Amino acid sequence: MARYPESLVLYKKNFSEDEKNNQSLLLKLAFLAEKTNNYTDCLFYLSKLALTNPSRRLFEKMDKLAAEQNLTGYEFDDYNYFIIFYRRYGDYIPILLLTLGTYIVVIMVTKVRRGEPIMQIHKVSIVVYLLVLLGILNVPSLYRTCIIINENTFLRDEPSSAAPVIDRVGKGHKLTIVGSVDHWNRVIWNNRIVYIRKSDLWNI
């Protein structure tokens, strides 16, 4: 008989939430968590893996597993794939865009020095470009995700224990974080902004 629980404990000792983990370790942890019916842990490790090695097969696995457990937030779509893809290659995209932007600015400055006219559309284009670049640079901070780890977790209307309860949910659901206030995270639930205690979450 396979000793999955004991193996899971041993492999967890090599896992770090704050550091980059080996892909084979994450796969092993996800496999052992699924075998022990710990689907919250399984989806957490698979989500961690998706940050460094996103693939259609991996997203479909998470989507299928979450659907079987009636968990939300793991739906496979182009939007979620883009966010994960950006978080993997995000260090290179801004460098490329900044290089391109510098090239454009140098050309415009050169034209000004030569007394050559700059078309209005080019001026508008550079402003739009800079705004888009600013937005892309802020993607990592705007789109963080987390998983609920406690049963009977309260989602509240305001960041306070005295605030009205919007919903009570179980563990395993995946949420998008859009901000924080003290010990609370501002998250999206059913297309609505609600608040949840940070201690009820695992950040991915």
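Predicted model: local features only at pLDDT ≥ 70, side-chain atom pairs only at ≥ 80, totals over all residues.
Side chains of opposite charge can pair when their charged atoms come close.

Because Lys12 lies in helix α1 (residues 4-12) and Asp41 in helix α3 (residues 39-52), the pair ties together parts that are 29 residues apart in sequence.

Lys61 forms a salt bridge with Glu34, with 3.2 Å between the closest N and O atoms. Here Lys61 lies in helix α4 (residues 56-68) and Glu34 in helix α2 (residues 23-35), so the pair ties together parts that are 27 residues apart in sequence. Lys61 is partly exposed, with a relative accessible area of 34%, and Glu34 is also partly exposed, with a value of 26%.

## Overall composition

The protein has eight helices and seven strands, and buried residues make up 32% of its 204 residues. When contacts between residues at least 6 apart in sequence are considered, 53% of them join residues at least 24 apart. The protein exposes about 12800 Å², and carbon and sulfur atoms supply 55% of that area.

## Helix α6 and the annotated segments

The unreviewed UniProt entry carries the annotation "transmembrane region" for residues 92-112 and for residues 124-143. Over residues 92-112 the model places 95% of the chain in helix and 0% in strand, and the end C-alpha atoms of this stretch are 31 Å apart.

Tyr103 has its place in helix α6 (residues 93-114), and with a relative accessible area of 54% this residue is exposed. Together with Leu100 and Ile107, Tyr103 forms a nonpolar patch on the surface, and the three residues have about 290 Å² of accessible area together.

## Antiparallel strands

Strand β1 (residues 144-148) and strand β4 (residues 174-181) pair in the antiparallel sense over four bridges, and within this pairing Arg144 has Ile177 in β4 as its bridge partner. Thr145 is also found in strand β1 and is buried, with a relative accessible area of 16%. The C-alpha atoms of Thr145 and Thr176 are separated by 4.5 Å, although these two residues are 31 residues apart along the chain. In a regular strand the side chains alternate between the two faces of the sheet.

Strand β4 pairs in turn with β5, in the antiparallel sense and over five bridges, and the bridge partner of Gly179 in β5 is Arg186. The hairpin of β4 and β5 has two residues between the strands, and Asp182 takes a positive phi near 55 degrees in this hairpin.

Strand β5 (residues 184-189) also pairs with strand β6 (residues 192-197), again in the antiparallel sense, over six bridges. Arg186, the bridge partner of Gly179, stands opposite Tyr195 in β6. β5 and β6 form a hairpin with two residues between them, and Asn190 in the turn has a positive phi of about 55 degrees.

Definitions and conventions:
Residues numbered from 1 in each chain as written. Heavy atoms only, no water. Buried < 20%, exposed > 50% of the residue type's maximum accessible area, 1.4 Å probe, protein only. Contact = heavy atoms within 4.5 Å. Areas by Shrake-Rupley, 256 points an atom, 1.4 Å probe, with all protein chains shown as cover. Pairing = 2+ DSSP bridges. Patch = residues over 30% accessible without salt bridge, like charges linked within 9 Å, V, L, I, M, F, W, Y side chains within 5 Å. Salt bridge = Lys/Arg side-chain N within 4 Å of Asp/Glu carboxyl O. UniProt positions renumbered as here; feature names shortened; annotations may be inferred.
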